[in-house]
Amino acid sequence: MSASIIDGKAAAQALRERLAIEVSRIDAEHSWVPGLAVVLVGEDPASQVYVRNKGKQTAEAGMRSFEHKLPASTSERELLALVETLNQDDSVNGILVQLPLPDHIDAQLVIETIDPAKDVDGFHPMNTGGLSNGDPTALVPCTPLGCLMMLREQFPGGMAGLNAVVVGRSNIVGKPMAQLLIAESCTVTVAHSKTRDLPALCQTADILVAAVGRPEMVRGDWVKEGAVVIDVGINRVQLEGQEKARLVGDVAFTEAAENARAITPVPGGVGPMTIACLLRNTVVAACRQHRVVCELS
Ligand SMILES: Nc1nc2c(c(=O)[nH]1)N[C@@H](CN(C=O)c1ccc(C(=O)N[C@@H](CCC(=O)O)C(=O)O)cc1)CN2
């Protein structure tokens with residue numbers, strides 16, 4: 001089998017177009033537009049790119065974008081004070097603090113300081129707890145939400161009863177992804193560095209989600225014939241003799257595509273959906289704060 005390639009760029013663009021329509025409807029009917037504040041601490045080059053793209057795409061969807069770029073020397077107390085200010089600001093409906101943060105700042109404390117209603121990253125314990133309890137109002141972390149949207153396209157009849165293996169147990173991707181798949185009535189296994197015979201476990205997966213941050217760790221013969229493979233990894237690898245680093249996922253793409261029915265590429269798969277889902281969460285959060293019905297399909 002040669003897999004079909006799941007186009008995350010196109011899916012993200014389609015979602016952003018729907019969001020822009022909803023934002024202009026809200027503006028026309030209620031005379032406000034959703035606002036997203038993104039906070040970057042330090043000069044990590046990849047984070048700078050992601051934050052720039054978030055601001056650009058927020059504005060393109062007709063929303064208000066507030067960017068706060070702070071030096072790496074910013075103290076934890078200063079960052080917490082900014083988050084408190086954003087919590088109180090009615091023009092800000094969503095708050096995102098770009099991760100990773102410098103080592104001297106307790107990221108969990110910062111996340112827990114964000115008003116859960118404005119936590120468009122879905123990382124606050126109120127939202128992670130809500131997700132695991134099946135609370136439909138919980139804000140869902142953007143990367144797993146994007147993965148779920150792409151999976152739903154692949155399984156129009158639903159995913160009930162399918163075996164799903166999530167490789168990776170991070171708070172940002174692995175754990176929420178597992179919760180979302182449980183909610184779809186999949187039989188879910190979360191694998192990690194201590195899992196025994198990972199290749200054999202992956203071979204049982206109808207849905208295989210790789211989110212470990214190890215370049216091309218999942219090999220082609222780990223993939224069951226006909227499986228749908230979602231590659232969350234974004235790894236920069238420097239090849240000998242080449243000036244520019246190459247971006248690869250956690251899955252050996254060419255090998256895996258031989259067995260899979262469908263697979264996300266890196267780049268152009270899960271990554272673009274992450275930002276589109278951030279905008280989606282902001283529109284949803286804004287509607288709740290204003291107590292208006294969100295008409296997103
Ligand atoms: N507060 C958060 N921090 C981080 C998150 C997050 O969801 N919330 N996720 C990642 C980074 N991230 C968004 O912030 C992100 C990563 C990758 C992409 C993306 O579009 N990737 C492209 C490739 C881009 C490149 O060349 O690097 C792709 O896969 O096609 C978007 C957003 C960590 N921090």
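1. Helix α6 passes helix α7 in a right-handed crossing. The model is predicted. α6 covers residues 142-154 and α7 covers residues 174-183. Their axes come within 9 Å and cross at roughly 35°.

2. On the α6 side, the contact with α7 is made by Pro144, Leu145, Cys147, Leu148 and Leu151. α7 supplies Pro176, Met177, Leu180 and Leu181. By class, the residues of this α6 and α7 contact are nine nonpolar, no polar and no charged.

3. α2 passes α10 in a right-handed crossing.

4. Tyr50, Asn53, Lys54, Gln57 and Thr58 form the α2 side of the contact with α10. Ile275, Leu278 and Leu279 form the α10 side. The residues of the α2 and α10 contact split into four nonpolar, three polar and one charged.

5. Next, Gln98. Gln98 sits in the loop between β4 (94-97) and α4 (107-113). Its relative accessibility is 6%, so Gln98 counts as buried; the cut-off for buried is under 20%.

6. Which side chain makes a polar contact with the side chain of Gln98? The partner is the side chain of Lys54, at 2.7 Å. Lys54 also belongs to the α2 contact with α10.

7. Leaving aside residues up to four places away in sequence, Gln98 touches Val39, Leu40, Ser47, Tyr50, Val51 and Lys54. Tyr50, like Lys54, is also part of the contact of α2 with α10.

Key:
Residues are numbered from 1 along each chain as its sequence is written. This is a predicted model: local features need pLDDT of at least 70, side-chain atom pairs count only at pLDDT 80 or more; totals for chains, interfaces and linings use all residues. Side-chain values use heavy atoms; hydrogens and water are left out. A crossing is left-handed if the near helix is turned anticlockwise from the far one by less than a right angle, and right-handed if clockwise. Helices (H or I, at least four residues) and strands (E, at least two) are DSSP runs, numbered from the N terminus. Contact means heavy atoms within 4.5 Å. Ala, Val, Leu, Ile, Met, Phe, Trp, Tyr, Cys and Pro count as nonpolar, Asp, Glu, Lys and Arg as charged, and the others, Gly among them, as polar. Buried means under 20% relative accessible area, exposed over 50%, partly exposed in between (1.4 Å probe, protein chains only). A polar contact is a pair of N or O atoms within 3.5 Å; within protein, one must be able to donate a hydrogen and the other to accept it, and residues adjacent in sequence count only if both atoms are side-chain atoms. Axes are lines fitted to C-alpha atoms, for helices over the stretch in contact, and angles run from 0 to 180 degrees between N-to-C directions.
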